[in-house]
Amino acid sequence: MTESDISNIVLLLNSSSILLGRGLLQSPPDAPNMQIQVTDGLVDDLVQAGLLQAVPQDTATAPRLGRIILRRGNRIVLEPLRILGAEARQNLRVPVDFESFVYPDSGGRAVIKADNLSSSGIAFYTTYRFEPHDRFEIVIPITSEPLLVWGEILRHKPYTGPISLYAAAFSDLINDEEVKIREAVFSVQIRQKASILGDRRV
């Protein structure tokens, strides 16, 4: 996929911020309606959702809430109703299950087990004792290439014995890193939906 293709990718979420599909924007960003070719997900799910959040991969373009006014095969036309804030990108969070390492700013290394992931942060289990606002580097192994990014602890709660669950926000991300994390979140969500659909067909 070329850089120009990547800049045209739109994530399609329902009003509850559940990811339903992905497509390529085929109309100019300032056009009255958004023409989208759906490349992943079921168009029927998009139509049934009623209202859709269209979240462009290009962070310079604002997300919009809209409704489908036309469908032709895998192409839909979305009538924008209003512009959404940055939370539309941040709210997409999916459960994940991988082990990795964190490198606290104070030194050393600790093993973590990821619980959920979004383009803005991660929740993970570890026996290492963090305090709110502690900074660390973390390896994200499920992106197209493993990423080493900075994070900051937001809060924690005890889990079992010496293990705690921490919620953290990513910090100092460059655009390319944010795009790769968002792509990983999307891929996990699509795999989970495919697994659920497969179970229903059994």
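Which ring does the charged end of Arg109 sit over? It is the ring of Phe101, 4.0 Å from its centre. Welcome to a predicted model, in which local features need pLDDT of at least 70, side-chain atom pairs count only at pLDDT 80 or more, and totals for chains, interfaces and linings use all residues. Residues are numbered from 1 along each chain as its sequence is written, and side-chain values use heavy atoms, with hydrogens and water left out.

- β1 (residues 9–13) meets β4 (residues 51–56) in the antiparallel sense over 4 bridges, with Val10 opposite Pro56.

**Aromatic rings**
- There are 7 aromatic pairs in the structure (rings of Phe, Tyr and Trp, its six-membered ring, with centres within 6.5 Å; planes under 30 degrees apart are stacked, over 60 edge-to-face and the rest tilted).
- Phe130 and Tyr166 have ring centres 5.4 Å apart and planes at 80°, so this pair is edge-to-face.
- Phe130 is buried at 2% relative accessible area, and Tyr166 is buried at 1% (buried means under 20%, exposed over 50%, partly exposed in between, with a 1.4 Å probe and protein chains only).
- Phe124, Tyr128, Phe130, Phe136 and Tyr166 are linked into a cluster by ring pairs.

**Charges over rings**
- Arg135 has its charged end over the ring of Trp150, 4.6 Å from the centre (NZ of Lys or CZ of Arg within 6 Å of the ring centre and within 35 degrees of the ring normal).

Key
Pairing = 2+ DSSP bridges. Helix = DSSP H or I, 4+ residues; strand = E, 2+ residues; numbered from the N terminus.
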